[in-house]
Amino acid sequence: MENGSSAFYLSTFEASYSVQMVIFGLCLPLYAATVVANLLVFVAVLVCPELHKPMYLFLGNMAVADIVGCTSSLPKQLQILLTGDTEILYESCLVQMFSIHVFCNVEVLTLSVMAFDRYVAICHPLRYHTIVTAKKTLGVLLLMWTVTSAVYGALTFLAAQLKFGDNRKIQGILCDNMGMILLAESNTNVNFAYGSILMVIHFIFTLVFISFSYLKIFIECRIKRSTEITKHGLNTLLTHFLALSLFFFAIFVSAITPRFIKDFNTPALRNMRCIFQFGACIVPMTNVLIYCLRTKQLRKGMRMCCKNAFFGTLFPPFSKVSNVS
């Protein structure tokens, strides 16, 4: 059977319809709240002059990635839970695969540059405004999206060359590289090797980089023994570590599981993978909660956007917006 001649079929939780409706009832408001909250973060960073700083630009970038991630996966799964129709068009599957991988990579790269930003702010405070500028930050973010799109565009192109047989049920709630590799009847060595190399580079190397930044911040706090520096440093580490831990646990387990478990032959294993992949969809909401609860200035900007949206114009006059340094 040719590669593009038929649709794929996604899995969902193997439970009674009433249980699936409960899951649907929980996920629909969660999805809506996630999109609204991340959109509010992005708009706040865009229109509030006080948030035109590198750290908040990173948070705005993460909000965009989070919207891409949850929108490319959750709506289809909500439809499956509601209707029971698990079919997804071949082209839609490729688009979903591309979007999911771009979201994951942009998320981990954003967390990496945020760790570097905090390292410079704490360990080299006098040089911070020359090393990390808004112009450099925007350049890094543009490069991040460009490289990620190119790299995972190549991965999607390789997946599009695979040939599939009659078995087109992907063992998971979304289309991903490993899900398609497991179904392919043609040679998948190149796809598997390329995907594994990307996972090592984008996850293992970034973890090492982030760990190095954490270590330098911790050493700086120990050497200077300043109460203010120690408090600021530990607060930074805790906030960043919470977001990092949730993301890596959900994504890493979801990516590693199919490499060791080739056949999800029991409902328990299949439901376990669905839970892990749903966990990755919940990450965008947890990011907003973590940074809003621990970042006063961001909360202020979001409240201002809400107030202006209801009682005035959202975008302030151009003359009142300060230039980004």
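User: Which residue in strand 2 is the bridge partner of Phe-8?

Analyst: Strands of a sheet pair through backbone hydrogen bonds, either parallel or antiparallel. In this predicted model, where local features need pLDDT of at least 70, side-chain atom pairs count only at pLDDT 80 or more, and totals for chains, interfaces and linings use all residues, the bridge partner of Phe-8 in strand 2 is Ile-88. Residues are numbered from 1 along each chain as its sequence is written, and side-chain values use heavy atoms, with hydrogens and water left out. Strands are DSSP runs of E with at least two residues, numbered from the N terminus, and two of them pair if DSSP finds at least two bridges between them. Strand 1 (residues 8–10) pairs with strand 2 in the antiparallel sense over two bridges.

User: What is the strand order of the open sheet?

Analyst: The order is 2-1-3, with mixed pairing. Strand 2 (87–88) and strand 3 (169–170) each have a single partner strand, so one side of each is left without a neighbour in the sheet.

User: Which side chains meet in a salt bridge?

Analyst: A salt bridge is a side-chain nitrogen of Lys or Arg within 4 Å of a carboxyl oxygen of Asp or Glu. By this rule the count is one salt bridge, in which the side chains of Arg-118 and Asp-117 meet at 2.6 Å, N to O. Both Arg-118 and Asp-117 are buried, that is, under 20% relative accessible area with a 1.4 Å probe and protein chains only.

Key. Buried means under 20% relative accessible area, exposed over 50%, partly exposed in between (1.4 Å probe, protein chains only). Helices (H or I, at least four residues) and strands (E, at least two) are DSSP runs, numbered from the N terminus.
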